[in-house]
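Work through these exercises with the model open beside you. Try each task before reading its solution.

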Amino acid sequence: MRIIRTKDYQDMSHKAADVMSAQVILKPNSVLGLATGSTPLGMYKKLIEWNREGGLDFSGVTTINLDEYDGLPADNDQSYRYFMRQNLFDHINIKPENNHLPDGLAADPKAECARYDALIAEKGIDMQLLGLGHNGHIGFNEPGDSFVAGTHRVALTESTIQANKRFFASADEVPRHAYTMGIQAIMQAKRILVVVSGQEKAQIVRDALCGPITPAVPASILQLHPNVVLVGDTEALSLI
Ligand code: F6R
């Protein structure tokens with residue numbers, strides 16, 4: 001694992017955008033696995049800036065997001081599709097038909113998971129972006145007794161509901177279930193880019209990188225991936 005230590009959030013965002021933009025420049029038809037959450041926002045801003053001013057070209061890029069809340073339509077302002085449009089897709093020259101997320105309104109969850117896995121297998125992810133949950137989740141692969149290979153519908157843990165309530169009017173409004181890419185699709189990405197920021201991530205960064213490989217800390221499986229770049233600020237990396 002390559003660890004890039006940055007001085008603060010801004011610096012982290014810039015250096016993470018350097019890595020992601022290099023992927024797009026080197027392979028203009030890249031398939032990018034993308035994440036929502038607060039951490040990638042600064043990186044997305046940089047990519048938008050470079051698309052507008054520097055000609056970073058997304059016209060051949062395909063994206064496959066990690067996850068989506070179950071029960072939220074695409075036009076709900078808390079859905080991850082909405083988030084991605086607001087924070088990236090609507091501001092760059094990417095083709096809307098090339099942006100893929102699980103369908104939060106799927107009538108048949110099993111069929112939706114199978115559809116998503118087939119899509120990932122067909123496209124193949126070149127670079128997967130990951131944030132890190134406070135409990136060690138990646139995507140919505142929550143701590144558990146075993147790693148889950150495929151896309152699945154998951155019950156969010158209390159810790160995740162509490163962490164995500166900042167985006168909703170109250171914790172009660174946070175959906176209780178979500179669709180998430182499984183560990184297999186994440187680990188089969190050719191490259192993985194992890195972004196972490198802030199003191200509150202320091203302990204879980206340490207557990208994930210230096211602790212045992214265990215489904216109790218889903219991100220610990222990244223220790224087995226041959227091509228991970230982790231970009232973190234000094235606070236998030238303060239315990240390693
Ligand atoms: C988001 C996702 C989550 C977040 C994680 C960290 O699509 O899959 O795993 O990456 O919860 O979120 P932030 O960046 O808000 O700390």
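**Exercise 1. The second largest cavity**

What volume does the second largest cavity have?

Solution. This model is predicted.
- Step 1: Read the volume. The second largest cavity has a volume of about 30 Å³.
- Step 2: Leu-132, Val-194, Ala-208, Leu-209, Ala-219, Leu-222 and Leu-230 line the second largest cavity.
- Step 3: Sort this lining by class. Seven residues are nonpolar, and there are no polar and no charged residues.

**Exercise 2. The largest cavity**

Solution. 
- Step 1: Take the largest cavity. The space in it is about 40 Å³.
- Step 2: Name residues of its lining. Among them are Met-20, Leu-32, Leu-34, Tyr-44, Leu-47 and Phe-58. The lining also includes Thr-63, Leu-88, Phe-89, Ile-92 and Ile-94.
- Step 3: Assign elements. Strand 2 (31-34) and helix 2 (41-53) each give at least two residues to the lining of the largest cavity.
- Step 4: Sort by class. The lining of the largest cavity has 10 nonpolar residues, one polar and no charged. Thr counts as polar, so Thr-63 is the polar one.

**Exercise 3. The second largest pocket**

Solution. 
- Step 1: Start with the volume. The second largest pocket holds about 180 Å³ of space.
- Step 2: List lining residues. They include Asp-117, Ile-120, Ala-121, Gly-124, Ile-125 and Ala-149. Gly-150, Gln-184, Ala-185, Gln-188 and Ala-189 also line the second largest pocket.
- Step 3: Sort by class. The lining of the second largest pocket has six nonpolar residues, four polar and one charged.

**Exercise 4. The largest pocket**

Which helix supplies the largest share of the lining of the largest pocket?

Solution. 
- Step 1: Note the volume. The largest pocket has about 610 Å³.
- Step 2: Look towards its centre. Of the 37 lining residues, Thr-36, Gly-37, Ser-38, Asn-164 and Arg-166 are the closest to the centre.
- Step 3: Collect the elements. Strand 4 (67-69), helix 3 (80-87) and helix 5 (158-164) each supply at least two lining residues.
- Step 4: Pick the main contributor. Helix 3 gives the largest share, five residues.
- Step 5: Sort by class. The lining of the largest pocket has 14 nonpolar, 18 polar and five charged residues.

**Exercise 5. The ligand**

Where does the ligand sit, and which residues come nearest to it?

Solution. 
- Step 1: Locate the ligand. The ligand sits in the largest pocket.
- Step 2: Find its neighbours. Of the 14 residues around the ligand, Thr-39, Asp-67, His-137, Gly-139 and Lys-201 come nearest.
- Step 3: Sort this shell. Three residues are nonpolar, eight polar and three charged.
- Step 4: Check polar contacts, with a cut-off of 3.5 Å. A side-chain N or O atom of Thr-39 is 2.4 Å from an oxygen atom of the ligand. For Lys-201, a polar side-chain atom lies 2.6 Å from a ligand oxygen atom. For Arg-166, the distance from a polar side-chain atom to a ligand oxygen atom is 2.8 Å.
- Step 5: Judge the cover. Taken alone, the ligand exposes 410 Å², and the protein buries 93% of that.

Definitions and conventions
Residues are numbered from 1 along each chain as its sequence is written. This is a predicted model: local features need pLDDT of at least 70, side-chain atom pairs count only at pLDDT 80 or more; totals for chains, interfaces and linings use all residues. Side-chain values use heavy atoms; hydrogens and water are left out. A residue is near a molecule or strand if one of its heavy atoms lies within 4 Å of it. A polar contact is a pair of N or O atoms within 3.5 Å; within protein, one must be able to donate a hydrogen and the other to accept it, and residues adjacent in sequence count only if both atoms are side-chain atoms. Accessible areas come from the Shrake-Rupley method with a 1.4 Å probe; for residues, only the protein chains shown count as cover. On a 1 Å grid over the protein atoms alone, a cavity is a set of points where a 1.4 Å probe fits but cannot get out, and a pocket is an open set with protein on both sides within 12 Å along at least five of seven lines; lining residues have an atom within 4 Å of a point. A molecule sits in a cavity or pocket if more than half of its atoms lie within 2 Å of its grid points. Grid points are joined across faces, edges and corners, and a volume is the space filled by probe spheres set on the points. Helices (H or I, at least four residues) and strands (E, at least two) are DSSP runs, numbered from the N terminus.
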